[in-house]
2 protein chains.
Amino acid sequence: MPVTNIAKRTYDHNFRLDPIVRSLLDTDFYKLLMLQLIRHLHGDVQATFSVINRSRTVRLAEVIDEAELRAQLDHARTIRFAKKELIWLAGNTFYGKQQMFAPDFINWLSAFRLPEYDLRIVDGQFDLRFEGPWTHTSMWEIPALTIINELRARAAMRDKGELALDILYARAKARLWEKVERLRQLDDLVLSDFGTRRRHGFLWQRWCVEALKEGLGERFIGTSNVLLAMDADLEAIGTNAHELPMVAAALADTDEALLHAPYRVLEEWRAHYNGNLLVALPDAFGTASFLKNAPSWLADWTGFRPDSAPPIEGGEQIIRWWEQHGVDPRTRLLIFSDGMDIDTIEETYRHFHGRVRLSFGWGTNLTNDFRGCDPDGRTGLEPISLVCKVTSANGRPAVKLSDNPEKATGHPDNIERYRRVFGSEGQRRSAVTV
Amino acid sequence: MPVTNIAKRTYDHNFRLDPIVRSLLDTDFYKLLMLQLIRHLHGDVQATFSVINRSRTVRLAEVIDEAELRAQLDHARTIRFAKKELIWLAGNTFYGKQQMFAPDFINWLSAFRLPEYDLRIVDGQFDLRFEGPWTHTSMWEIPALTIINELRARAAMRDKGELALDILYARAKARLWEKVERLRQLDDLVLSDFGTRRRHGFLWQRWCVEALKEGLGERFIGTSNVLLAMDADLEAIGTNAHELPMVAAALADTDEALLHAPYRVLEEWRAHYNGNLLVALPDAFGTASFLKNAPSWLADWTGFRPDSAPPIEGGEQIIRWWEQHGVDPRTRLLIFSDGMDIDTIEETYRHFHGRVRLSFGWGTNLTNDFRGCDPDGRTGLEPISLVCKVTSANGRPAVKLSDNPEKATGHPDNIERYRRVFGSEGQRRSAVTV
């Protein structure tokens with residue numbers, strides 16, 4: 001006779017809110033690394049972050065109930081870092097280094113909470129903004145994205161029966177495992193989970209991470225998700241992101257200062273982290289321009305994370321630059337993390353294997369690949385291209401050019417000025433699907 | 001914080017035995033229909049049933065622990081029909097008919113228990129026999145098979161971690177659902193579950209039945225498993241099996257009586273069930289011989305279940321026979337149930353659609369298709385061809401010829417005599433995989 005756990009059942013049926021964010025550690029590791037630097041060097045900067053849905057045809061405000069979104073955002077604002085989380089941040093070793101986070105910063109985190117948000121509906125989309133000190137608004141990026149993505153997934157699954165859900169997840173699991181079996185063939189693969197922001201849901205990301213851990217063994221080096229890294233005893237992976245050069249550029253007073261903003265930021269980074277975490281993102285305003293004007297000390301850095309050029313082309317460009325600077329690429333690292341999936345990982349691996357140290361950050365196509373898994377044949381679970389970007393700093397507009405004009409953000413006039421300063425060499429338009 | 005149900009966990013960890021058979025209704029419906037007739041007309045016959053593993057290369061006694069097998073068989077012997085089960089058998093309508101089971105039979109069932117068994121190990125195989133009154137040994141067929149098949153599956157999964165099992169079942173579910181999506185394309189499909197005896201396990205069969213119920217709707221007409229039929233409010237499907245003609249043949253004193261034994265059995269059947277359940281199994285001693293010597297009243301029966309000839313060839317043979325008897329095949333039923341899978345179901349459906357009433361009994365490839373699903377790449381979950389057949393009646397050897405010599409059972413000398421009496425026209429050897 002089946003025995004029902006009556007307490008559990010009663011609790012389940014009285015659910016008010018099933019929180020999407022349950023911990024402030026449920027964010028990308030680079031947010032904490034950048035936050036420490038921002039607080040240290042730019043604690044007075046005001047920065048606005050905005051959620052932007054690049055998949056315009058998906059009218060999010062017609063899919064997700066505004067009240068539900070507010071309830072989740074409000075809930076996230078009630079969360080504080082737990083004591084054991086701060087102890088772990090203080091005591092854990094990151095990239096082999098102890099005390100990556102200073103006691104003073106840890107102490108400051110203990111009072112941290114997410115700041116207010118501003119939510120409106122404009123033309124079927126959520127206009128969701130976070131205004132205030134950069135030290136606080138920056139931390140909304142990941143929770144804002146995970147909340148919207150998971151609410152959308154929940155909406156897509158709302159009418160499904162138990163069997164349909166069972167089949168949906170069975171298919172998604174079977175699909176991920178097919179990918180794992182292919183990845184296993186790549187002997188020297190180095191791969192990490194970068195899928196927090198676009199995940200189907202927290203529990204699903206956790207499953208994916210467990211599957212990679214078991215399926216790939218040593219080839220799987222960790223996750224960008226700090227909470228999962230703590231819980232599963234994995235390395236937390238990440239360094240820095242576009243918001244650093246974007247804010248620096250926005251605050252630059254002259255075109256000359258603008259052109260050098262990306263390098264100034266990296267100097268700050270190197271100094272702040274005492275020569276650790278030396279991975280640079282070259283594409284905020286175009287990789288060609290970045291490399292052309294880059295100071296030669298950058299050739300001493302560990303590597304680059306090309307994030308919007310086609311992987312092989314972007315990698316070759318950087319390898320040529322290293323060679324021009326007399327550096328053996330085999331001693332340097334390339335991290336590929338832009339919309340990678342099994343085919344592009346295999347292709348990129350085979351292309352560069354042996355020529356450079358390679359690492360893959362696998363995001364949306366790891367933690368949100370439900371394409372064709374819905375037994376009802378609907379598409380509400382297919383990933384969308386949702387980002388949360390800094391849009392202004394101290395009231396001045398922020399801009400991103402990227403190597404793919406489809407990924408540019410900012411007002412057209414400002415984009416135009418940036419293109420004039422940085423040039424548009426090597427820009428290649430290609431559809432952004434994730 | 002995850003909450004552990006401590007009582008459940010403690011109970012799970014103290015498991016002595018996870019019973020494979022938990023109800024005497026967990027058997028095929030035809031066993032109960034045959035049992036009522038056997039008790040009524042042949043209550044004095046002694047019959048021996050023997051488990052035969054046609055997949056000789058799988059040395060079952062090296063895979064399954066003998067003590068575990070005995071524990072499961074012993075447990076099955078402790079089970080009685082539950083009161084609610086007997087009430088359901090008495091009160092339910094089967095094939096539209098009330099009181100299919102007489103009150104006197106139901107009353108007799110209330111005291112029924114499985115008889116003793118005789119287990120030895122011979123050359124790596126279990127020599128498992130049931131000797132005693134036909135009214136009791138017959139009922140071992142299904143539990144003996146489900147116990148051995150499920151113990152083998154458990155053994156194959158014993159060292160697997162939680163994730164490997166998760167992927168295994170995810171793949172099996174995804175695979176079954178692909179089949180369901182193909183079957184949905186067949187508008188007039190009529191299909192039932194015949195997968196009890198060779199199932200991976202009871203819970204998996206239940207999942208498969210629920211999936212067919214939800215996925216195929218009206219096209220799924222029921223299950224041969226009486227317990228699942230009761231629990232899921234489905235039709236119980238089945239009529240009779242080879243043991244009836246096999247026992248009748250074994251008891252025949254002359255070659256003439258032997259030749260007519262199969263028809264005598266069907267006359268008994270028709271009389272006993274008052275003209276209901278008129279589906280005949282033509283292949284016990286070869287379909288060609290069966291049809292050649294069949295009395296013309298058999299053309300008035302609802303249909304046939306060809307069970308060992310290739311489906312299209314076997315069906316055409318029967319259609320020709322109907323036409324020779326002036327019967328329109330479109331008014332008659334063919335039930336295909338021999339090792340069917342998605343490809344042969346589609347092919348057979350397309351071949352006969354519109355020419356005859358068609359029905360499919362889907363067995364092993366429904367409830368035990370884990371081929372290629374094991375993430376460790378092992379084959380211990382692939383189905384084997386295990387049967388439990390009547391091997392003697394009142395001390396006289398029983399024989400089955402079938403349309404496929406690979407499926408013949410009995411001593412070679414006796415098979416020889418049967419071939420002489422019934423002929424071997426139309427016999428076609430083909431590999432038996434399930």
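Predicted model: local features only at pLDDT ≥ 70, side-chain atom pairs only at ≥ 80, totals over all residues.
How do the copies meet? Of the interface residues of chain B, 100% are also interface residues in chain A, so the copies meet through the same surface. If you superpose chain B on chain A, you need a rotation of 180° with 0.0 Å of shift along the axis, and the RMSD comes out at 0.0 Å. The two copies are thus related as by a two-fold rotation axis. Which residue of chain B comes closest to that axis? That would be B:Ala170, with its C-alpha at 2.0 Å.

Staying with the two chains, let's look at a salt bridge. A:Asp166 pairs with B:Lys173, and the closest N and O atoms are 2.8 Å apart. This one crosses between chains, going from helix 9 of chain A to helix 9 of chain B, residues 162-183. How exposed are the two ends? A:Asp166 is partly exposed, at 24% relative accessible area, whereas B:Lys173 is buried, at 15%.

A:Asp343 forms one with A:Arg182, closest N and O atoms 2.7 Å apart. Here A:Asp343 sits in helix 16 of chain A and A:Arg182 in helix 9 of chain A, so the pair ties together parts that are 161 residues apart in sequence. A:Arg182 counts as partly exposed, at 34% relative accessibility.

Then over in chain B, have a look at B:Asp104 and B:Arg39, another salt bridge, with 3.0 Å between the closest N and O atoms. That links distant parts of the chain: B:Asp104 is in helix 6, residues 103-109, and B:Arg39 is in helix 2, residues 29-42, which puts them 65 residues apart. Both ends are partly exposed, B:Asp104 at 47% and B:Arg39 at 25%. And back in chain A there's a network, where salt bridges that share partners join A:Asp28, A:Lys31, A:Glu141, A:Arg197 and A:Glu243.

In chain A we have an open sheet of seven strands in the order 6-5-4-10-9-8-7, with parallel pairing. Which strands stand at the edges? Strand 6, residues 235-236, and strand 7, residues 279-280; each has a single partner strand, so one side of each is left without a neighbour in the sheet. Take the strand 6 end: two bridges join it to strand 5, residues 220-223, and the two run parallel. In that pairing A:Thr223 stands opposite A:Ala236.

What packs on this sheet? Helix 10 of chain A, residues 202-216, lies across strands 4, 5 and 10, and runs at about 160° to strand 5. Helix 15 of chain A, residues 311-324, packs on the sheet too, touching strands 8 and 9, with its direction at about 160° to that of strand 9. In helix 15 you'll find A:Glu323, which counts as partly exposed at 47% relative accessibility. Between A:Glu323 and A:Gly303 there are 20 residues in sequence and 13 Å in space, C-alpha to C-alpha.

Back to helix 16 of chain A, residues 342-352. Which of its residues are buried? A:Ile342, A:Ile345, A:Glu346, A:Thr348, A:Tyr349 and A:Phe352. Their cover includes helix 9, strand 4, helix 15, strand 9 and strand 10 of chain A. After helix 16 comes A:Gly354, with a positive phi, near 90°.

Now an annotation. UniProt, in an unreviewed entry, lists residues 191-423 of chain A as "domain: Nicotinate/nicotinamide phosphoribosyltransferase". Over that stretch the chain is 41% helix and 14% strand, with the end C-alpha atoms 33 Å apart.

Last stop, A:His242, in the loop between strand 6 and helix 12 of chain A. Buried or exposed? A:His242 is buried, at 4% relative accessible area. Leaving aside neighbours within four places in sequence, A:His242 is in contact with A:Leu281, A:Asp283, A:Ala284, A:Asp307, A:Lys389 and A:Lys400.

Key. Residues numbered from 1 in each chain as written. Chains lettered and ligands numbered in written order. Heavy atoms only, no water. Pairing = 2+ DSSP bridges. Helix = DSSP H or I, 4+ residues; strand = E, 2+ residues; numbered from the N terminus. Contact = heavy atoms within 4.5 Å. Axes fitted to C-alpha atoms, helices over the stretch in contact; angles between N-to-C directions. Buried < 20%, exposed > 50% of the residue type's maximum accessible area, 1.4 Å probe, protein only. Least-squares fit on C-alpha atoms with pLDDT ≥ 70 in both. Salt bridge = Lys/Arg side-chain N within 4 Å of Asp/Glu carboxyl O. UniProt positions renumbered as here; feature names shortened; annotations may be inferred.
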